[in-house]
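Please look over the model shown here. The paragraphs below go through its loops, helices and aromatic rings in turn.

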Amino acid sequence: MKVGLLYSRIRKDEKLLLTELRERGHEVAKIDVRKEQFNISEPPAAFEDVDIVLDRCLATSRSLYTTRFLDAYDIPVVNSADTADVCADKVKNSLALEQAGVPTPNTEVAFTTDSAMKSIKKFGYPCVVKPVVGSWGRLMAKIDSPAAAEAILEHKATLGHYQHKVFYVQEFVKKPGRDIRVLAVDGEPIAAMTRSSDHWLTNAAKGADAKAFELDDRAKELVQKASDAVGGGLLGVDLMETGDDYTVHEVNHTVEFKALNNAVEKDVPAAVVDWLETKANGDAKVAEATA
């Protein structure tokens with residue numbers, strides 16, 4: 001199998017995957033998207049003879065456009081452009097989960113500071129304001145008072161980028177000091193961990209303490225439904241415990257897993273490559289059947 005690895009920086013996660021792929025004898029084409037040019041009709045030479053491409057782009061814009069080109073070239077890519085499009089945008093993410101009947105925090109979107117203030121007042125304090133595109137918990141704000149709301153909205157309104165003019169306002173979900181990250185392939189969990197912190201944000205990137213977590217049947221059901229809602233693939237599904245149930249607050253399409261790999265006994269990169277091999281073989285059979 002020849003795997004194309006899209007990247008702009010090789011992090012620990014990519015090193016784990018590269019090691020696993022090479023130890024199994026697979027050929028890897030490391031493709032730095034910063035150095036490529038994508039023609040609307042012909043793929044770059046770097047993608048010649050690849051069986052499958054794994055998108056590990058750091059920048060959302062590069063991920064979205066590159067996967068869209070690969071779809072147009074009929075080159076199998078994980079994750080697909082459609083999945084990336086839904087997962088990269090919190091508005092589309094929330095809509096997909098809601099429409100699929102997956103419990104997810106109540107959310108409103110407004111386009112002016114006045115309208116956003118009305119949404120904030122509906123939810124009451126605290127509530128949360130998030131950027132529509134972003135990761136690692138950056139630029140997220142817990143709003144505890146009208147004064148804080150006015151300041152945050154004013155800052156967003158003057159930041160310049162059009163995405164900051166989209167005010168994504170969400171109810172604040174009281175969680176037990178942790179959330180749950182599940183790494184899944186087409187809805188099938190590979191492994192899960194809790195991320196605990198005294199801070200209201202429990203991202204591993206912000207230093208949360210990671211521990212292995214055993215999923216119950218309800219959590220597995222929601223992971224499958226959430227994966228289906230965004231189009232499937234290699235995904236990070238984030239859940240919060242809400243008493244006797246869960247809420248899914250986000251699905252991530254270029255998911256990091258180094259913290260998970262350290263927290264659980266399972267060999268996470270090996271499980272990911274197992275799935276990639278199955279995926280590539282399945283796509284090859286489909287291509288032969290339609291040739």
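D49 lies in the loop between strand 2 (27–32) and strand 3 (52–55); helices (H or I, at least four residues) and strands (E, at least two) are DSSP runs, numbered from the N terminus. The model is a predicted one, in which local features need pLDDT of at least 70 and side-chain atom pairs count only at pLDDT 80 or more, while totals for chains, interfaces and linings use all residues. Residues are numbered from 1 along each chain as its sequence is written, and side-chain values use heavy atoms, with hydrogens and water left out.

D49 is not a glycine, yet its phi is positive, at about 65°. With a relative accessibility of 59%, D49 counts as exposed (buried means under 20% relative accessible area, exposed over 50%, partly exposed in between, with a 1.4 Å probe and protein chains only). Another residue other than glycine with a positive phi, near 50°, is D186. D186 belongs to the loop between strand 9 (178–185) and strand 10 (188–196), and its relative accessible area of 32% makes D186 partly exposed.

The bond from V78 to N79 is cis, with omega near 0°, and N79 is in the loop between strand 4 (77–78) and helix 3. Y125 and P126 are also joined by a cis peptide bond, with omega about 0°; P126 sits in the loop between helix 5 (113–123) and strand 6 (127–130).

K165 is in the loop between helix 6 (146–157) and strand 8 (167–171). K165 counts as partly exposed because its relative accessibility is 31%. From C-alpha to C-alpha, K165 is 9.1 Å from L153, and the two are twelve residues apart in sequence.

Now the helices. Helix 1 (residues 12–23) has twelve residues and should span 16 Å at 1.5 Å a residue; its end C-alpha atoms are 17 Å apart, which agrees. The expected span is 1.5 Å times one less than the number of residues. Buried residues of helix 1 include L16, L17, L18 and L21, and also D13, E14 and E20. After helix 1 comes G25, with a positive phi near 85°.

How do helix 2 (residues 60–72) and helix 3 (residues 81–88) cross? Their axes come within 8 Å and cross at roughly 155°, which makes helix 2 roughly antiparallel to helix 3. Axes are lines fitted to C-alpha atoms, for helices over the stretch in contact, and angles run from 0 to 180 degrees between N-to-C directions. Angles under 35 degrees count as roughly parallel, over 145 as roughly antiparallel, 65 to 115 as roughly perpendicular and the rest as oblique. Helix 4 (residues 90–99) and helix 7 (residues 217–230) pack at about 120° with axes 9 Å apart, and are therefore oblique to each other.

The whole structure holds three aromatic pairs (ring centres of Phe, Tyr or Trp, the latter by its six-membered ring, within 6.5 Å; planes under 30 degrees apart are stacked, over 60 edge-to-face, the rest tilted). One of them is the tilted pair F38 and F47, at 6.0 Å centre to centre and 55° between the planes; both F38 and F47 are buried. F69 and Y73 have ring centres 6.0 Å apart and planes at 35°, so this pair is tilted. F69 is partly exposed at 22% relative accessibility, whereas Y73, at 12%, is buried. Ring pairs link F38, F47, F69 and Y73 into a cluster.
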